[in-house]
Structure formats: structure tokens, C-alpha cells
Amino acid sequence: MTTTASERSSALHDLGLDGQNQATIGRLLATGNIGHAEEGADGRMRARIRIVPDQLIWDPSVLVLPHGGHLDVEFVNDDQNTHCALVPSNGDSKWMWLPNYTRGTMSVTLDGPGYYWFSSNIGNDEGRGLIGAIVVRGDVPESARLDRPKQPRP
């Protein structure tokens with residue numbers, strides 16, 4: 001499920017991705033749709049992300065996962081140019097070549113909540129806007145939290 005441009009502002013607000021001292025994805029990635037990964041009966045999440053022809057943008061440019069875990073993401077290059085997909089996976093990265101009009105599936109693991117940036121790192125794709133984010137929702141497990149006093153927030 002993805003959002004349209006007209007629903008983008010309210011979707012970012014509902015996800016908490018639009019305010020100061022919260023996630024600022026909505027301000028960093030000002031274009032593109034927001035998508036949600038679907039969780040299968042096997043516990044793996046799945047999504048499809050495509051490169052829009054002649055626009056140098058991922059669709060969706062923000063992919064939301066309800067929690068950490070395994071993600072199978074299909075990348076589709078509908079553009080006339082060759083691109084790639086560089087995606088983090090538990091501290092490492094996975095890379096896939098995407099010649100024009102091709103597709104491929106990549107399996108990654110993102111255990112912790114947070115933002116994970118993906119891009120096409122060939123040519124000047126990143127500089128021209130072919131970047132996106134995977135937002136993993138949820139809380140850090142108790143065992144991984146720092147033992148320190150609450151910090152003041154504006």
C-alpha cells in the first residue's frame with residue numbers, strides 16, 4: 001500500500017515523521033510516495049520499490065516496516081538508464097545491479113528500529129535524488145537501552 005502525493009503530509013504526521021525531535025524523513029525526502037511492507041504468514045516482510053521513468057525517484061521513496069526483521073524487497077528499474085540498489089542489512093550492505101527495464105529481489109535483515117537509507121550509488125544518481133529511506137518502527141529492546149536519566153526535550 002502506498003500513499004499519493006495529496007495524502008503525503010497527513011501520512012507523515014500520522015507516522016510521526018514530520019516534527020522536530022522526532023523523525024525528519026518528511027523534510028529530507030520531500031518527494032515520492034510512502035509505502036508499507038506487507039508481512040507474510042512466514043513472518044517475512046515484502047515490498048516492491050521501483051524507479052520511476054525519467055524522474056530519478058524511488059516509488060515509494062519511504063518504506064515503513066512495522067517492526068524489525070527480515071525484508072524481501074523487489075527492485076524494479078522502469079527507467080531507460082542503468083541504476084543499482086544499495087541497501088543496508090544489519091550493519092552491512094547489499095548491492096544489486098539494475099540494468100534498464102530489469103528487476104531483482106534482495107533479502108535484507110533490519111533488526112533495530114530507526115532509519116535506513118538506500119540509494120543507487122552509481123554515476124551521480126544519489127546527487128540527483130535517487131535516495132530513499134526504510135523506516136523500521138518499534139522500540140529498542142530493554143537489553144539494548146542505555147542506563148541514564150531522562151533527557152530534557154524542547
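The model is predicted: local features require pLDDT of at least 70, side-chain atom pairs count only at pLDDT 80 or more, and totals for chains, interfaces and linings use all residues. Residues are numbered from 1 along each chain as its sequence is written, and side-chain values use heavy atoms, with hydrogens and water left out.

**The whole chain**

Begin with the protein chain coloured by secondary structure. It has 2 helices and 11 strands; these are DSSP runs numbered from the N terminus, helices being H or I of at least four residues and strands being E of at least two. From the N terminus on, the order is α-α-β-β-β-β-β-β-β-β-β-β-β.

Next, display the surface. The accessible surface of the protein chain is about 8800 Å², and 48% of this belongs to carbon and sulfur atoms (Shrake-Rupley method, 1.4 Å probe; for residues, only the protein chains shown count as cover). Of the 154 residues, 41% count as buried (buried is under 20% relative accessible area, exposed over 50%, partly exposed in between, with a 1.4 Å probe and protein chains only). Among contacts (heavy atoms within 4.5 Å) with a separation of 6 or more, 60% are between residues 24 or more positions apart.

**The aromatic cluster**

The structure holds 4 aromatic pairs. Select Trp 58 and Phe 75, which form an edge-to-face pair at 5.5 Å centre to centre, with 65° between the planes. Rings of Phe, Tyr and Trp (its six-membered ring) pair if their centres lie within 6.5 Å; planes under 30 degrees apart count as stacked, over 60 as edge-to-face and the rest as tilted. Trp 58 belongs to strand β4 (residues 58–59) and Phe 75 to strand β6 (residues 69–77), so the pair ties together parts 17 residues apart in sequence. Trp 58 is buried at 1% relative accessibility, and Phe 75 is buried at 1%.

**The surface patch**

Select Tyr 115, Trp 117 and Ile 131, which make a nonpolar surface patch of about 260 Å². Patches consist of residues with over 30% relative accessible area and no salt bridge, like charges being joined within 9 Å and nonpolar side chains (Val, Leu, Ile, Met, Phe, Trp, Tyr) within 5 Å; a salt bridge is a side-chain nitrogen of Lys or Arg within 4 Å of a carboxyl oxygen of Asp or Glu. Ile 131 lies in strand β11 (residues 131–136) and is partly exposed, with a relative accessible area of 30%.

**The loop residue**

Finally, select Arg 128, in the loop between β10 (114–119) and β11. Arg 128 is exposed, at 53% relative accessible area.
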